[in-house]
Amino acid sequence: MQTRKKYIFLTFLASWLLLFFFGGDQLRRFSVFSGRKAEARRNWPRWTDRSLLKSFADPEELQRDGDPSLLSPRERRAAWLSTYRSSRCRMETCFDFSKCERHGFKVFTYPQERGQPVSETYGKILSSITRSRYHTLNPEEACLFILSIDTLDRDHLSGQYVRNVDEKIRGFPLWNGGRNHLIFNLYSGTWPGYTGDLGFDTGQAILAKASFDTGSFRPGFDVSIPLFSKEHPQRGGDRGWLYQDSVPPKKKYLLVFKGKRYLTGIGSGTRNALHHIHNGKDIISLTTCKHGKDWEKHKDTRCDKDNVDYERFDYRELLHNSTFCIVPRGRRLGSFRFLEALQAACIPVLLSDGWELPFAEAIDWGKAAVVGSERLLLQIPSAVRCIHPERVLAFQQQTQFLWDAYFSSVDKIVHTTLEIIKDRLSPHRSRSRFLWNTLPGGLLVLPDFSTHLGDFPFYYLQHGYSPSKKFTAFIRVVSQAGSLSQPILRLIQAVSGSQYCAQIVVLWSCEKPPPPSGKWPQSTVPLTIIQGRRKLSDRFYPFGAIQTDAVLSLDEDTSLSTSEVDFAFLVWRSFPERIVGFPTQSHFWDPEQGRWGYTSKWTNELSIVLTAAAFYHRYYHSLFTEYLPTGLRELVDGLATCEDILMNVLVAAVTKLPPIKVTQRKQHKEVVAQQAECRDGAEGTPPPGQQSPSAPRSAPAKVKDTNGSRRFSQRQDCLNQLADWFGYMPLVSSQLRLDPVLFKDQVSVLRKKYPSLEKP
Amino acid sequence: IMCASAKYNTRGPALIPRMKTKHRIYYITLFSIVLLGLIATGMFQFWPHSIESSSDWTVEKRSVHDVPVVKLPADSPIPERGDLSCRMHTCFDVYRCGFNPKNKIKVYIYSLKKYVDEYGMLVSNTISREYNELLTAISDSEFYTDDVNRACLFVPSIDVLNQNALRIKETAQALAQLSRWDRGTNHLLFNMLPGGPPDYNTALDVPRDRALLAGGGFSTWTYRQGYDVSIPVYSPLSGEVDLPERGPGPRRYFILSSQMALHPEYRSELEALQAENGESVLVLDKCTNLSDGVPAVRKRCCKNQVFDYPQVLQESTFCVVLRGARLGQAVLSDVLQAGCVPVIIADSYILPFSEVLDWKRASVVIPEEKMPEMYSILQSIPQRQIEEMQRQARWFWEAYFRSMKAIALATLQIINDRIYPYAAISYEEWNDPPAVKWSSVSNPLFLPLIPPQSQGFTAVVLTYDRVESLFRVITEVSKVPSLSKLLVVWNNQNKNPPEDSLWPKIRVPLKVVRTAENKLSNRFFPYDEIETEAVLAIDDDIIMLTSDELQFGYEVWREFPDRLVGYPGRLHLWDHEMNKWKYESEWTNEVSMVLTGAAFYHKYFNYLYTYKMPGDIKNWVDAHMNCEDIAMNFLVANVTGKSVIKVTPRKKFKCPECTAIDGLSLDQTHMVERSECINKFASVFGTMPLKVVEHRADPVLYKDDFPEKLKSFPNIGSL
């Protein structure tokens with residue numbers, strides 16, 4: 001055995017030696033000599049007189065560039081307006097900013113004309129705009145206009161093609177050469193050239209178009225949107241297919257493609273080559289010749305075998321089981337495959353030269369896709385094989401984030417388009433590229449709230465910030481008493497006793513005026529009283545008086561102790577993006593009634609934290625008031641007891657995480673249980689396995705017993721309406737509660753930091 | 001396949017058979033002799049060639065004036081004008097770049113020539129100081145090749161940095177006669193001052209056909225997005241003047257304008273702003289009555305006051321950078337160097353390196369029409385953000401503006417990223433200043449997912465020889481509903497694991513892995529057998545955990561899949577007397593670590609532990625046979641920035657079977673060792689990543705007055 005090894009070793013060395021003698025010339029590039037060669041490399045010479053060389057421009061010339069007697073800036077801008085039109089449009093030449101100044105960014109959609117039906121997809125786009133918070137019915141205050149003519153399909157061979165658009169447009173008094181108009185388009189051009197032409201004069205209108213090519217794309221003006229099918233959901237949308245971060249992130253196949261092979265015509269260059277990379281093992285590239293009516297006319301020798309292979313694999317199964325998916329151009333540059341791969345967490349490998357990627361103005365596709373070159377198809381297998389597993393894992397997660405943030409519904413695609421345009425209006429109040437490409441995504445981050453990352457609850461870790469060390473107690477008073485009740489006095493006492501309390505803000509929502517300042521208890525922290533309107537959604541208005549990151553939201557009859565507050569605040573600092581609070585409730589799916597159920601009884605799970613006693617980030621006030629459309633807030637105001645559910649739903653929709661419950665003293669429960677018991681009565685079937693015979697525990701009751709059941713069914717209705725509006729149920733359940741480390745441990749009370757939380 | 005990246009070894013710790021020492025020496029000697037011979041032969045064979053081929057370059061001591069002269073006939077061809085429709089896929093020949101394992105393009109530089117026209121008149125200055133620096137930088141970089149046949153990108157040595165210093169037609173002719181010109185394909189030109197009077201084009205006027213242009217001062221109409229590169233206008237002042245970085249804090253002026261040649265219309269708008277807002281706005285102009293010998297470019301005046309330039313820029317929070325005749329202004333570089341936030345007022349200007357740099361983080365862009373609103377716009381920016389922008393501005397200057405070398409390398413890197421997009425530099429690497437890179441984390445498991453319960457977890461038991469106790473652990477753990485597999489890591493090389501028939505019969509697969517060496521790191525190896533995301537690391541003596549506790553731990557991990565979720569908690573403290581970290585295992589109100597004797601975590605961290613542990617920590621742990629759990633805590637906290645989650649109440653974590661050998665002294669040694677570990681790791685990591693928290697996770701209804709049988713996890717905390 002040993003001798004054999006020795007011989008092998010020697011033979012190996014000998015052959016190496018021989019190789020060197022005879023094949024030296026080729027080898028020297030890779031051999032040990034390359035290091036030596038570097039020294040002998042013919043570098044750029046170090047000129048002896050290099051320090052004497054003159055500068056490329058003398059300082060005077062650099063600092064006083066040009067001739068001030070040139071065209072005045074105003075004249076130059078005026079000249080631009082006539083030079084840079086239509087195909088050379090930019091925001092500064094083709095968009096009238098002054099229309100957006102008075103009323104902000106408002107979008108007007110032309111009224112639907114009779115006898116002018118629009119396709120289902122365009123209908124969805126229009127309804128997304130109507131649902132957006134920027135929609136207006138008044139063209140006078142509008143900044144952006146959207147046609148009622150369906151311009152999505154401009155392939156004149158298609159059934160959806162609308163004729164005589166030019167003529168119709170000329171009839172619109174608001175058209176104004178297309179200024180401040182936004183035109184949506186999914187398909188342009190037709191066989192055989194598939195040009196980007198829309199078949200009518202779009203003038204100075206902004207194009208939001210799928211399959212945009214970089215040649216005709218007007219940077220900073222047009223928006224490239226993804227191609228989506230007519231089944232694409234209006235709202236909500238299916239979630240991505242990545243349920244877990246598998247390690248290693250590799251799936252069964254490395255790279256897959258299944259689709260048509262064009263034998264002739266545009267796009268055939270790439271589609272006709274894809275079969276070359278098929279290896280039948282980890283790279284599956286299946287093509288079929290069957291498409292169009294006369295495919296058999298162009299049939300070649302591969303077709304029959306390929307067609308058989310093609311049928312053997314299921315497209316969806318390939319999507320599920322592959323790490324990378326080839327997304328080649330079709331006849332046009334974009335394809336449905338792009339969104340399909342994105343949703344499936346199958347990292348798209350784009351082979352579509354000259355495609356302006358969807359929302360590339362905002363989205364950094366280098367983090368979620370491999371942008372390949374059609375010309376280098378054969379390098380793709382080795383290139384993707386070399387991508388490090390860590391990067392693959394990051395890619396996969398990023399596809400899911402992007403899918404969910406910008407693509408999963410027509411609403412998201414349309415709203416992203418609008419936000420991108422809105423950001424251009426005031427560059428100093430716009431989202432940085434970082435915001436667009438980091439969770440929770442650009443749509444959920446309002447630059448009007450702040451442009452500083454540290455003011456949002458999402459970026460503390462990424463930027464090494466931490467949330468503020470103090471909180472604002474925000475107490476809402478609705479009782480009709482007109483004087484201060486005992487509970488609220490106790491509450492102010494307890495809260496102001498916390499070392500972390502910076503200020504107390506009282507929202508006085510009664511008809512009677514608040515008591516004079518002398519009547520309020522003296523506390524060590526400043527106390528501000530805000531006179532509120534009597535709307536429920538008011539409690540989440542972004543009041544300027546709130547100056548800390550953390551808000552402790554309280555009802556007037558909430559009972560809390562100082563140590564409860566202290567502990568909960570410290571927990572919140574660990575989870576600043578979530579709601580952290582005391583009393584909780586939970587939701588469940590009721591299969592019998594086919595709707596969402598809601599329970600306030602004791603359960604092993606929780607998904608809603610009552611805002612009668614909860615910490616959350618101040619930003620959620622802004623998001624609640626600015627981001628949610630008016631209709632939704634009106635719904636909440638109408639239902640009388642739903643605003644806290646909406647807040648929980650909103651935060652869950654943003655974070656995709658459950659809220660956090662912290663320990664509460666027993667005493668709290670007992671006080672409340674009496675009242676709450678009658679309130680919730682017997683209605684509402686708790687989910688199976690959660691039958692709870694015992695006393696329910698809930699928020700302090702502020703309604704009469706008889707109102708209890710109405711309140712309960714209202715909350716259940718509210719939950720279902722919100723789920724409908726969001727298009728899915730954002731709430732997430734949790735099975736845990738956070739207690740102090742030594743909570744109820746058998747150790748001396750003296751050692752414990754929060755002994756009072758354990759008192760019965 | 002040649003991959004640049006190392007592949008994970010997925011087969012388990014390698015077992016290297018040790019050769020007998022005698023043989024080893026023999027082999028090594030033999031090998032070295034052969035190797036020496038090889039090198040000698042190789043040198044003999046190749047040395048003469050390299051000397052021969054570089055003969056005309058070996059004369060290092062040469063002057064620029066000695067370079068060969070090339071005469072351009074009047075009728076030599078002129079390239080086409082620049083093609084505005086060029087993009088990488090239409091005008092660039094990627095086949096020249098090829099697939100290479102380093103994912104680096106190869107750049108060739110033409111040798112320097114002096115070009116004259118038919119009458120012997122110079123076409124341009126041979127080369128400027130800056131262009132020479134730029135070419136030197138490229139030549140010193142790893143992009144450079146001297147082999148014209150292997151090059152992917154060609155950089156002419158014809159200096160076109162300043163259009164005013166050259167003759168347009170003749171320069172174009174000079175370009176056209178370059179040996180590999182081929183319509184300018186894959187040629188890169190650097191230009192900083194384009195255009196000339198009266199219309200000042202925003203791109204170089206020299207006809208250049210398909211050549212890429214790295215230009216300063218592009219407008220959106222001349223910039224071919226994804227093809228050209230927008231570069232800064234280099235300010236030679238940055239080499240002359242040293243402005244040390246200024247910390248955050250208020251500065252004397254709020255807005256400062258320092259440019260000399262402003263159009264009167266702009267100047268009057270600025271002066272209106274000054275009149276409105278008083279002393280916080282300072283508008284400077286050139287000085288009219290300077291004494292002789294004082295360079296005018298280093299002084300600025302406002303009325304009778306004289307200021308030093310560029311030092312005065314450091315006195316202001318915001319500095320206005322207005323367009324002049326050209327869009328690109330050298331003042332931008334000075335402003336960034338001073339850590340002053342540039343307020344860019346130049347409609348349609350493509351900012352330098354805008355393809356990769358996020359200028360919103362370092363500057364304020366204001367449309368020309370909104371100039372009168374400048375003050376209120378700037379006032380609305382939060383102070384904290386201003387401080388970050390100042391830091392960011394300075395960082396952009398240091399990384400991408402400060403020298404011709406920085407400009408050249410950034411340009412090449414951008415082109416490189418387009419050709420090898422799958423190896424491109426990320427947004428964070430381009431944009432995050434070192435301070436942010438240092439203090440921030442990028443969580444590898446950043447997507448908020450709650451993994452499906454159904455996949456369950458894999459229990460990994462590290463054992464040496466305590467078979468009886470091991471079997472008890474196996475039996476106990478197998479009762480946990482979500483357990484999907486049990487992996488026993490047999491760390492004893494001298495003893496075989498018990499026969500199959502002796503192992504407890506459990507409902508899930510049980511695998512035994514035998515290791516090559518008794519190392520603690522074997523516990524954290526990413527075994528292929530682990531098919532779930534969740535791993536439960538458990539010692540072979542942890543028999544006191546109930547099934548409810550373990551199941552609950554798994555549920556908690558599902559809610560925090562990027563954290564360590566464990567049972568016994570520990571704390572690190574700063575010992576003020578000793579001035580170092582101290583390990584604490586007493587009953588404290590805080591935790592910062594959990595012991596991996598019983599903890600859930602994501603399998604990803606096994607990869608990190610095995611392949612990405614910083615410094616020599618992994619070997620150190622194996623050598624000391626201690627602290628692998630502390631190392632894991634450091635690792636996870638460092639990469640996620642998050643705290644651990646301790647679950648369920650404290651128990652006495654000692655196996656009842658173990659005899660009480662651990663007297664006081666042993667305990668103390670143990671504590672000292674553990675403290676040492678913390679200090680050692682903190683120094684290797686360069687920071688203390690552990691986060692201290694005061695909470696632990698319990699079931700929602702823990703200790704609540706509620707029927708036990710209705711609780712999901714009733715058996716929690718029993719002793």
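Analyst: A quick term before we start: a disulfide is a pair of cysteine sulfur atoms within 2.5 Å. Also keep in mind that this is a predicted model.

User: Which cysteine does C100(A) form a disulfide with?
Analyst: Its partner is C143(A), and the two sulfur atoms sit 2.0 Å apart. C100(A) is in the loop between helix 6 and strand 1 of chain A, while C143(A) is in the loop between strand 2 and strand 3 of chain A, so the link ties together parts that are 43 residues apart in sequence.

User: Is that disulfide right-handed or left-handed?
Analyst: The torsion about the S-S bond of C100(A) and C143(A) is about 65°, so this one is right-handed. Both cysteines are buried, by the way.

User: What about C86(B) and C91(B), right-handed or left-handed?
Analyst: Left-handed, because the torsion about their S-S bond is about -85°. Their sulfur atoms are 1.9 Å apart, and both C86(B) and C91(B) are buried.

User: Why does C677(B) count as buried?
Analyst: Buried means under 20% relative accessible area, and C677(B) counts as buried because its relative accessibility is 3%. C627(B) is buried too, with a relative accessible area of 0%.

User: Switching topics: which residues touch the most other members of the largest nonpolar core?
Analyst: Those are L255(A), F324(A), F92(B), F190(B) and F353(B), in a core of 109 residues. Helix 10 of chain B gives the most to this core, with eight residues.

User: Is helix 10 of chain B mostly covered or mostly uncovered?
Analyst: Mostly covered: 14 of its 16 residues are buried. Helix 10 of chain B reaches 23 Å from its first C-alpha to its last, close to the 22 Å expected.

User: And what is F353(B) in contact with?
Analyst: Leaving aside neighbours within four places in sequence, its contacts include V229(B), P232(B), Y400(B), I407(B) and I414(B).

Terms used. Residues numbered from 1 in each chain as written. Chains lettered and ligands numbered in written order. Predicted model: local features only at pLDDT ≥ 70, side-chain atom pairs only at ≥ 80, totals over all residues. Heavy atoms only, no water. Core = buried A, V, L, I, M, F, W, Y, C linked by side-chain atoms within 4.5 Å. Buried < 20%, exposed > 50% of the residue type's maximum accessible area, 1.4 Å probe, protein only. Helix = DSSP H or I, 4+ residues; strand = E, 2+ residues; numbered from the N terminus. Contact = heavy atoms within 4.5 Å. Expected span 1.5 Å × (residues − 1).
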